[in-house]
Amino acid sequence: MDTEKLQWQEQQFHQIVEMAPNAIALINEQGIIEVANKQMEIIFGYSRQELIGQPLAILLPASIKVRHQQHQQTFFSNPHARSLRDRGDLYGRRKNGTEVALEIGLNPIHTDKGKKVIATVIDVSERTRYLHELHELTELRQAILDSSNFSIICANSEGLIQIFNKSAERMLGYTEDEIVHKQTPAIFHDVNEVIIRAVELSEELGMEIEPGFDAFVAKSRIKREPDEHEWTYIHKNGTRIPVLLSVTALINKDNDISGYLGMAVDLREQKKQERQLHDNQEFFRALYENSLDAHMQTDITKGFIGANAAALKLFGCTDIEEFLALSPTELSPEYQSDGQLSSEKALAMMITAMQTGSHKFEWLHQRVDGTQFDAEVVLVRMTIGGKDLLQGTVRDISERKRAEQIKNAFISTVSHELRTPLTSISGVLGLVEQGVLGAIPDAALSMIKMAHRNSLRLSDLINDLLDIEKLAAGQMIFEMQEQRLMPLIQQAVNSLTTYFLQFKVNCTINALIDPTIYVDERRIIQVLTNFLSNAAKFSYEGGQIEVVVKLLDGNINPLVRVAVIDHGIGMQDNFKVKIFQKFSQEDTSDTRKKGGTGLGLAICKELIERMHGQIGFESNHNQGSCFYFDLPLKLSL
């Protein structure tokens, strides 16, 4: 019976082992596997026959086999139940060489055949993988929290802070250790703001909201939606920081609130920009309202939509409502000065401005009292709120028109009533100076020469004035033709031979080319003569003037440069910016002695630019000057 009982117990043991959900192995003191169940086959990939009788070491990675021998001897010298979980991650080695994460429990038993141990082995690969993924997810969450530009603060339902990210630390000056599990958001809030917010929420939600933590979370708690509101955070050092705080209730799977998430954006830079924008708006509003020019805004389909004080005054309106009630056609006579209908011409002007972006023109306007005035109008297209509008600037030019009439009358007088007799006087003085009327005493001859020189100078001034006026009015006629350059230069040089002798200078031409240019012959000679006469006047006695001709590479067509170079007195740096301005003369005794009207170079600049060229100069004081112009060799018409 004892034998049968033992056999029965052994069968029961094997059945229990076989039916166990975990892998079980019986290992003797020598480390040999004596029993292995089905789960051992599943975990390690060996059959039971391959496992039994083999050392346990075949199921261990090479990296821990040596340590296993030591642990085995230690265990059997003092056998007691233990878990190997406290020794860190454990891995077994499958038949195919791959490793598997394990959790092992050891239970010693004493048999008549000696000490043995029952090893319970659990495959924890899935658990390890899950824990690893959870660890990575936790690290990722923390990295996201720490790298966020938002201050992120998470509190539980009672208000105790659970999360305080790096941005919150930077913004508020507290460390995570000072805040988490120790403080509520009240530590960095203004008490007065909290009280005011509680009153606002009480009115909005129709219930009493206490001025505490509930003032931050009540709206998100009740409505279950994010609550955005501007608050003032208070830094650890007392600095006040405007923020936009969004508070969201955290809902768990049971639809209960487990806490609150607060995300705050620092508004300091935005507030600074808003202040700057407001200041700029106020500045430009002041400029707009105090401008002496009339400004008005027009919707091309609706009419006037705005105007400044100067516009109201210009058109005789008492207030903005009166002005806005007018249509643009009511501020113009029926016909313009050219006989065109104002309504038709105004529409054409506005369409041009809308198409090109801006348009400047003269206009005959009419005030509400019926009086008319000449105006200069600038229309500029602008886009506001996605809609194209026109900004109109109107300037009363009645006085300018009257001044132009007076000037034109004066020029007419100069042209017809002064230049003709002056020419006669100059001619007679020249004849007298040459002795045509007989010998003249030396004292009288000196006076005659002075009078002749001054009459010629006055004649030059009148001619320059007339040229400037014609250029400004666009009335100068240019007879553009293809011309060989060198004959023009030679003609200008030859015409000044006596002039060069007078100032005791020499002039040479340095040119290896004779290109064809498209110019007005008379005007190009006028420019060359001005350059050459200036070079003679401002050269030292015995000086050398050089005319240089060379080719340049232009952006589209090749250019020819004609330069007149002298080695005379040059000019001061502070005068260079004014050299091409009208009536511009360097205020030195040397230049005043040379004479001139101060109009020559201004005329030259206009002439060259009208002939599609560019003018320029280089000059150093006491080293001389180089005046040049560039013209295209070919011009596409």
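1. Basis. The model is predicted: local features need pLDDT of at least 70, side-chain atom pairs count only at pLDDT 80 or more, and totals for chains, interfaces and linings use all residues. Residues are numbered from 1 along each chain as its sequence is written, and side-chain values use heavy atoms, with hydrogens and water left out.

2. Overall composition. The chain holds 20 helices and 23 strands; these are DSSP runs, with helices being H or I of at least four residues and strands E of at least two, numbered from the N terminus. Of the 637 residues, 39% are buried, where buried means under 20% relative accessible area, exposed over 50% and partly exposed in between, for a 1.4 Å probe and protein chains only. Among contacts (heavy atoms within 4.5 Å) between residues at least 6 apart in sequence, 52% join residues at least 24 apart.

3. The mixed sheet. Five strands make an open sheet in the order β18-β20-β21-β23-β22, and the pairing is mixed; two strands pair if DSSP finds at least two bridges between them. At the edges stand β18 (506–511) and β22 (614–620), each with a single partner strand, so one side of each has no neighbour in the sheet. Neighbouring strands are turned by 15° against each other on average, direction ignored. Strands β18 and β20 (residues 544–552) run parallel and are joined by six bridges; C507 has I545 of β20 as its bridge partner.

4. Helix α18 (residues 521–537) lies across β18, β20, β21 (559–565), β22 and β23 (624–632), and runs at about 170° to β23. Angles run from 0 to 180 degrees between N-to-C directions, and axes are lines fitted to C-alpha atoms, for helices over the stretch in contact. Helix α20 (residues 600–610) also packs on this sheet, where α20 touches β22 and β23 and makes about 140° with the direction of β22.

5. C604 within α20. Buried residues of α20 are G600, L601, A602, I603, C604, L607 and I608. C604 has a relative accessible area of 2% and is therefore buried. Leaving out residues up to four places away in sequence, C604 touches V527, N530, F531 and I615. C604 and R523 are 81 residues apart in sequence, yet their C-alpha atoms are 8.6 Å apart in space. After α20 comes H612, whose phi is positive, near 70°.

6. The antiparallel sheet. A further open sheet of five strands has the order β13-β12-β16-β15-β14, with antiparallel pairing. Its edge strands, β13 (303–307) and β14, each pair on one side only. From one strand to the next the twist averages 35°. Helix α13 (residues 342–356) packs on this sheet and touches β14, β15 and β16 (387–396), its direction making about 160° with that of β14.

7. Nine bridges pair β14 (residues 358–366) with β15 (residues 372–384) in the antiparallel sense. In β15, V377 stands opposite F361 and E376 stands opposite E362. Five residues lie between the two strands of this hairpin, and in the turn G370 has a positive phi of about 95°.

8. The α8–α9 pair. Helices α8 (residues 191–205) and α9 (residues 214–223) pack at about 25°, with axes 8 Å apart. This makes α8 roughly parallel to α9; angles under 35 degrees count as roughly parallel, over 145 as roughly antiparallel, 65 to 115 as roughly perpendicular and the rest as oblique. On the α8 side the contact involves V194, R197, A198, L201, E204 and L205, which meet A215, F216, A218, K219, I222 and K223 of α9. By class, this contact has eight nonpolar, no polar and four charged residues.

9. T232. This residue lies in strand β9 (residues 227–234). T232 counts as buried because its relative accessibility is 12%. The side chains of T232 and E193 are joined by a polar contact of 2.6 Å. Beyond four places in sequence, the contacts of T232 are F188, H189, D190, E193, R240 and I241.

10. S151. This residue belongs to strand β7 (residues 151–156). S151 counts as buried, at 0% relative accessibility. Residues up to four places away in sequence aside, S151 touches N165, S167, A168, M171, Y233, G262, M263 and A264.

Notes:
Nonpolar A, V, L, I, M, F, W, Y, C, P; charged D, E, K, R; others polar. Polar contact = N/O pair within 3.5 Å; in protein donor to acceptor, adjacent residues only side chain to side chain.
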